[in-house]
Amino acid sequence: MKPFLIRLALFLTLQLSVVGWVMHYGKPGSGTHYLCSIFDKCELIDSIDGPRVIMVGGSNVAFGIDSEKIGDAVGLEPVNFGVHGALGLDVYLQLLREKDRVRSGDVLLMMPEYAMLTGHQVYGDPKTVDLLTGVWPEAQKYFRSERRSLKSFLDDDMFWLAHVWWLRAVDRVFGDVPPETNVYQRGGFNRYGDMVAHLTLPRREFKKTTSLRRISAVRVAEVTARLNDFHEFCQSRGAEVFLLFPPLTADSWQISQPAIDELEQRLHAQLQFPVLGSPDQLVFSQDQFFDTPYHLTATGRQQRTSVV
């Protein structure tokens, strides 16, 4: 019996040591984490006294807009309010409703990713929410806690999150990523909120495509209702709202065109504010994207900005 208890004690000690190591080194990033840029963007909006042109969306906006050029073109102070699509459309709308962030004379250019427009990323993805709340615990109030029951967390998210924490711990202790090539940092943004750390780096090959094959009329209706409600809020503040489409690789466009055509028709029919341009105007070749189907290179960024 005694040898068994000794072995059990050693086993538990080892397990607890591993768990402690992972919890210490695997916790979400510090104040330099990419997602911390959302603090800076809120502060940037709050710090500008006059009317602003605010570009809203996920990382397609962060990586793919020259805000200074947009601001010069419309004669307003620019703010790039794009961070990560998986935070969900709803969190951006909530943040903009706070603290009188939307004011008279503002122009809001809504440029959500297709996953937001089709209703798949209206609310935050649990995995990305975990990263954000790790660096900003108070952000939990922006996310719908009722979305996940304990059962769904145990079934869908717990082992994934444990895996992510383990990989973060290993990478943080043993990883050797040159800081000058890791663009996903809070310091990679310029004073307008544009991600610029990648602009001078060579593009990275990727195979992922954005594939839309079916559109849920119910989900799109939920998205347009939420956007129309936000438009009414902005209108009451004397601000204007416009919707523009995100960029897309030519391969993704070829796969997704029928679904995107249907989505475009529904948006025109249901939105109570203008939709500018068309999706096909924002289709670019693969070599115009940096590392994902939404993150444009320096050249692609300028082309997309000219279209906007």
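Aspartate 194 and arginine 301 are both buried in this predicted model. Their side chains meet in a salt bridge with an N to O distance of 3.3 Å. Aspartate 194 lies in the loop between helix H8 (150-174) and H9, and arginine 301 in helix H11 (residues 298-307), so the pair ties together parts that are 107 residues apart in sequence.

The structure holds ten salt bridges, including the following.

| Salt bridge | N to O distance |
|---|---|
| Aspartate 194 and arginine 301 | 3.3 Å |
| Aspartate 229 and arginine 97 | 2.6 Å |
| Arginine 101 and aspartate 46 | 3.0 Å |

Aspartate 229 is partly exposed, with 41% relative accessibility, and arginine 97 is partly exposed at 33%.

Arginine 101 and aspartate 46 form a salt bridge that links distant parts of the chain, 55 residues apart: arginine 101 is in the loop between helix H5 (89-97) and strand E3 (107-110), and aspartate 46 is in helix H2 (residues 37-47). Arginine 101 is buried at 4% relative accessibility, whereas aspartate 46 is partly exposed at 34%.

Leucine 96 is one of the residues with the most contacts inside the largest nonpolar core, which has 67 residues. A second, separate core of eleven residues includes Ile65 and Phe242.

On the surface, Phe11, Leu12 and Leu16 form a nonpolar patch with about 330 Å² of accessible area together. Leucine 16, in helix H1 (residues 2-25), is exposed, with a relative accessible area of 63%.

Technical notes:
Residues numbered from 1 in each chain as written. Predicted model: local features only at pLDDT ≥ 70, side-chain atom pairs only at ≥ 80, totals over all residues. Heavy atoms only, no water. Patch = residues over 30% accessible without salt bridge, like charges linked within 9 Å, V, L, I, M, F, W, Y side chains within 5 Å. Areas by Shrake-Rupley, 256 points an atom, 1.4 Å probe, with all protein chains shown as cover. Salt bridge = Lys/Arg side-chain N within 4 Å of Asp/Glu carboxyl O. Helix = DSSP H or I, 4+ residues; strand = E, 2+ residues; numbered from the N terminus. Buried < 20%, exposed > 50% of the residue type's maximum accessible area, 1.4 Å probe, protein only. Core = buried A, V, L, I, M, F, W, Y, C linked by side-chain atoms within 4.5 Å.
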